Structures are given as structure tokens and as C-alpha cells.
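Please work through the following exercises with the structure in view. Each task is followed by a solution in steps.

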Amino acid sequence: MLTLHDTGVFLSGDALHTTAPISPEEGRRRTLAWQILQAHSVSSDPEKLRIRFDAMVSHDITYVGIIQQARASGMQEFPVPYALTNCHNSLCAVGGTINEDDHVFGLSAARKYGGIYVPANQSVIHSYAREQLAGCGKMILGSDSHTRYGALGTMAVGEGGPELCKQLLKNTWDVPCPKVVLVYLTGAPRRGVGPHDAAIALVKATFESGFLNNCVLEFAGPGVAKLPIDFRNGLDVMTTETTCLSSIWETDGETRGFYEAHGRGEEYRELHPGKFAYYDKYIELDLGEIEPMIALPFHPSNAWTIREFLENAPEILAWVEADARKRWPKADIHLTQKVHDGGVWADQGVIAGCAGGLFDNITEAADILRGGSCGNGCFTLDVYPTSVPVSLELTKLGAAADLLQSGAVLKPSFCGPCFGAGDVPAHNGLSLRHTTRNFPNREGSKPGEGQFAAVCLMDARSIAATALNGGRITPATDIDYAPVRRDYHFDKSVYEKRVYNGFGHPHPEEALILGPNITDWPKMRPLAENLLVELAAVLRDPVTTTDELIPSGETSSYRSNPLRLAEFTLSRREPEYVGRAKAAAALEAKRLAGETPERLQTLLDRCGARAEDTQFGSCVFANRPGDGSAREQAASCQKVLGGFANICYGFATKRYRSNCINWGILPFTLEEGTDFPYEAGDCVFVPDIREAIAAGRETIPARVLKADGGQENVTLHVAGLTPEEREIILDGCLMNYYAKRAD
């Protein structure tokens, strides 16, 4: 079904070769990824890319902070098309006027700086980008981790807000030229198998080993032609969960049809790898062998075929229960109760967002449910089309009526179910979702307070099959139905009437409209000569997600107020963190005021340092932090609370490491296998850190001051910083970096 090859391969036409009449170096230059990346790089060194993007996208969790950073750094107008969508907090009922205040700010910013404003519930961020911004051979940068439009011949990257800020200031996205991995597709999916099934299988095979970490995936092979464009889009957007950097697909008539249907036929170009293109690794994926899949809590890689799951459900669910109890001792968890009456029963189905709410997914769900019923028990089915144009077409062709008649509920375009801001199940509920993630709390429950719910990822087709059986989990391949392939007709008048498109026409004389919750960033200090940090959180999990670093859902309503949002940092994973970080920050505030509190002086005496030369703050240790969302708040909230460093064995994603650097958080790493037995309350002293960063030294000697009075040496590493990144860290954060150079 799916085979990983950790060796290079040449591709010529549809054939794979272990040898070729050209060198691997020449073959690398024939990949689509190389060609597009080099065309967008302004660097003279092809191995050190400096990318300028063709367009950018942000949603209403991120765009306020990005624009606030950029205007504080001297931005006058948006230099590329920049779409501000309102799809993440459009339904959050927290904080009074906060959400709509941010939307008003977004419209005022689009008018002032020449941007694109997509009102609430018109489209989710990635749908709008596909419909209106993508183009063959283009590159798009988004402040959302699922910024992936490779199936449309567009290389797209999800990054933290500061990287978008750099683009707004006409700077570049700097990255080493990545490895390119071929995903060689053969076969064709069976009836009942959808894009989420293929995606979950791919994530299961690659995530844990890091096989695709920071690589670009290039999809080619005879199987591509067998896939409708929505299948390609649905699989492509989930490549984020493999921790890859970006993706690109070869294009064909199916791709052309997408652009022509959206009135943008001029954006189509035929893209194919050159003859004997060389890939650093490759994956063989036989689409005909894919079975309906289910990803169990708490990660898309925790996956089984639905058949395997149903055969072993008591044991698998007992394992999930045990895992959940370790994470949240207060929660009363009983998932094994879902096994009864000869089946496994779910409480909820949700089809939504950039992965699930696609036209083909919903029409095929309607084909399965037509004339049937979701039943009048506890099971509910909610469907969120990805944009108003998709909703309109579903209404015109009758698919919406079929779903409504079955008992499903159609809801507005909204990303909430994907990150815990909508359709929260009951305590001990089991939710099946065609959304992108099932991390802890992504369904909105609060297990730290005794609530618990579980999300499993499944394809829309199997969710519809389950709904047809009243909530009994059922693979769609077990249902006798006739899927109908329908042509999609995009009605551009929807956006013409509601979307504000001001690119190229800024109104600098107009004022930004700032509600009372929209605040400026607090002052951040340059890096001192020495650094002394207290471990405020020590996380031993194999991977720490950004959702754990800064929870999603209701907390993100405070996204425009850095101080209030920071109160939620690690709140659902390490509740003591905020108090510890604040206590360290209070000592630093007194140091800056010329005082030296007794505890700080004791620590300084132990390491032989002076208060005037030594910055004091907090630090997070985690094995591999940063999997998941691109939201910069995962790092900025630590900095707002006085965090100056992360220590880890490796960063789960480039985007989180970039966020740390751009907020002046030192990205320290340890050699794999190095013991780090320290706990919260222990401190790490890093002498001469400013000099080391300025000189580009990558091996940093440090000392651990243990709370019990002992001291131990430890070796930290800061590898691969670019000259600009070193300057950002020295200046204290990206905003300081720009402000210093504007003076």
C-alpha cells in the first residue's frame, strides 16, 4: 500500500530509475520544487534560499498581531496581495466585542494598506487562497500551518506571523534549500475511499520517524491522473501533519479545469518534473490499496484501518483511556463504553474546514445519505462547506437538501471544529471529524477540569456511512451507493459583492480602527551579556504541540491582547507555568530598576555573575516542541511572560523554531541521547551568550544551578542561525531589529 524508501531515485516520465545518464546534482535541478524555489529566491547561493512570495494569507487569530508588528516596524502598504480572512473566531462567544472589533480592525487595515478582506463566514482561509490566489508556479505564504496548495501547482508554506511581517517589509523568507521527496502515486482509489484515508495513511507511515521533516513533497506518477482535484486538495492539505515544509504536484487537465471553473484559466501552466529528476527519498503509494482509515486520539498518526479498529476496539480504546488518564488524572474517562450491541458507536460526526468541507466530499456524503436518516439518537452530523460559493452550488444541485432531509445540519464556513471552537461533544463523547487534527483539546473539552471528549479523524464518506447507521462506526466501502461526479460551477458574484479587494489601492490617510482589546506589544529588551533562566516547565512527552504551548479555542479570542493571551500559556498542559514565569519576570523587572532581590542575588553569587550584565527570565524544556499550528503566539506568549529560551533535543517544525527566533527566544538544542534530568525550579546559566551569538558560535557551554544547591555542566547548541537571525536574537525580537535599523 505505502512503502518508504530512504534512498535517492530518478524519475523519467512515469518510470522510476536507480541510475541515470546525469548526476544526482543535475537531477535535483529538474524537480518542480527546485525550479519554483529558485525562481522565487533572490539569493546568489542556490543552497541558501531567500524567498519572496507572490501572495499571503492570514486569518483572524493571526492578522492583528502581524499588522501591529509590521506597522511598528515601518510598513506603509502591503507589497503583495494579502488576504485577511475571518474564519477562526467568527463564532467564538467569548470576550464581548473582541471578535468583531478585530474584524473591524482587519477591514480598516485592508483599506489603509491595500489588502483583501474576506468577511466572516464567507470562506475559510485556504479555500479563498485556492479559489482566488493560487497559480501554477506561484508561491504563497500563510500564517496558518495548513497553508498547502501544491495540488494546484502552487508551493505554499505555513509560518509564524513574524515571517509574514518580513514579507510586508519587503524582506525574505530564508531557508536552506530543502530535500525533495517524491510521492509516487499509482492505482486509483476504490469507491468509499477518500482523501482523508490516503492522508491518514501517509501521516501514519511518516510522522513518528521524522521521515519527511522539513522536506518538500513532490507528487507525481500515473496515479495522479486518477484523482479528482478535490481529492488532491484534500490529501495535499494534510501533508502538514507529516511535518514537511511544503508540497507540489504535477499538473494536468484536471488542474486546468479547476482554474477555468473559477474564471482564472490564465493561472494554469502544465508542470511536470524534468527528465531524470532526482529525489533524495521516495514513497510509493498505491491508491488502490488504501482502505478507510481512522486516526485515534491524540494525533493523526495514531491510525488504523477502520476494519482493524473495529476488530480490536476494546483493546485500542482501553489504551487510549490509559493514555488520557496519564495526561489528565482529574478526568473520568470511559471510551470503552462505546463498544456495545455488536459495534462501536460515535456520538458526533463533523465534516468541516480546508480538508473536509470540499465540494466533492460533501456531495459524496449526500450520495451516501440520500433517502436515509442520521436517526434520532445521540448521534449528530454537522457539515460546514468550505466557502459560500461551495454552499451555493450545493444548494443549487440539491446536495444540501439531501443532507438536511437526512437529519444533518449545514453550518456556515468556519474553521472552529478543527481547533476546538465549535461542536464540542458531551463529556466522554466520541467525535468523528473530517478536519485536520485531533490533538488533545482540539474538540474544545477541558480535561484538566474533569471534562473529556475524544476526536477521531475519518473521511467524510465513512462519517456519512456512520451517520446512515445512526452512529455505528462504518467504513464507506461497506455501503452500497452510487457516487455521482458533478461538475463544479463557481459563482464569482458572491465575492464581488462581499469581499473588499483593495490590493494596489491603499488609502494611507485612513485610520486603523482599534477596539479596546487591541494593544501594542510590550517593550522587549536586547539580549544581555549573560543569560540566567529558570526552568518554568519541563515537558517529557515525545512531542509537545503548539496547542499545548498556547491552547486554541476560546483562549484565542484574546489574540490581539498579548498580556491577556499570555495568561493561557501551557494552561492545559502545565498550569503552574504562568505563575513560575511571572515570578521570574518580576525579579527581572526589579533588576532592570536597579534592585537585586535576595533570590536573584543568591543565584548570581552561585554562578559568579553581576546583576548589571545578566538577564534573568524563564525557560521551557521539551523533547521536541512545536508540532502543529503556525501560530506565533506559541512563542510570543512565552516572551511576553519573560521567557528567553527553549531547550530541546530538536524542534518538531521549522516554523516553531522560526517563531522562537523572531521573538528573541534562544533555540537551544542538546545532543540526542544527552541526559537532561532537571526539573522546574532548576536554573541554567549561560555565560557570555551575547558574545557567542554575535560570533556565530554554535556550541555553548552552560551550567545548571540545581534547586538543591548542586551545579552541573551542560553543553547547549545553537546551530544554523543566519546572520539576520543572530541579529534578531541580539536585538531581542524582530520588532526591535527593524526599529533599530529605522533609527
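**Exercise 1.** Determine the volume of the largest pocket and describe its lining.

*Solution.* Step 1: the largest pocket has a volume of about 900 Å³. On a 1 Å grid over the protein atoms alone, a pocket is an open set of points with protein on both sides within 12 Å along at least five of seven lines, and lining residues have an atom within 4 Å of a point. Points are joined across faces, edges and corners, and the volume is the space filled by probe spheres set on them.

Step 1: the lining comprises 36 residues, with Val175, Pro176, Asn214, Arg657 and Gly720 nearest the centre. Two or more residues each come from β4 (48–51), α6 (161–168), β10 (173–176), α24 (654–662), β31 (666–669) and α26 (723–731). The top contributor is β10, with four residues. Helices (H or I, at least four residues) and strands (E, at least two) are DSSP runs numbered from the N terminus.

Step 2: sorted by class, this lining holds 14 nonpolar, 11 polar and 11 charged residues. Here Ala, Val, Leu, Ile, Met, Phe, Trp, Tyr, Cys and Pro count as nonpolar, Asp, Glu, Lys and Arg as charged, and the others, Gly among them, as polar.

The model is predicted: local features need pLDDT of at least 70 and side-chain atom pairs count only at pLDDT 80 or more, whereas totals for chains, interfaces and linings use all residues. Residues are numbered from 1 along each chain as its sequence is written, and side-chain values use heavy atoms, with hydrogens and water left out.

**Exercise 2.** Why is helix α8 described as largely enclosed by the rest of the structure?

*Solution.* Nine of the nine residues of α8 (residues 229–237) are buried, so the helix is largely enclosed. Buried means under 20% relative accessible area (1.4 Å probe, protein chains only). Among these residues are Ile229, Phe231, Arg232 and Asp236.

**Exercise 3.** Is isoleucine 140 buried or exposed, and which residues does isoleucine 140 touch?

*Solution.* Step 1: isoleucine 140 belongs to strand β8 (residues 139–142). Step 2: with a relative accessible area of 0%, isoleucine 140 is buried. Step 3: leaving aside residues up to four places away in sequence, isoleucine 140 touches Phe53, Ala55, Met56, Val57, Leu133, Ala134, Thr147, Tyr149, Thr154, Met155, Ala156 and Val157, a contact being heavy atoms within 4.5 Å. Step 4: isoleucine 140 and alanine 156 lie 16 residues apart in sequence and 4.6 Å apart in space, C-alpha to C-alpha.

Notes. On a 1 Å grid over the protein atoms alone, a cavity is a set of points where a 1.4 Å probe fits but cannot get out, and a pocket is an open set with protein on both sides within 12 Å along at least five of seven lines; lining residues have an atom within 4 Å of a point. Buried means under 20% relative accessible area, exposed over 50%, partly exposed in between (1.4 Å probe, protein chains only).
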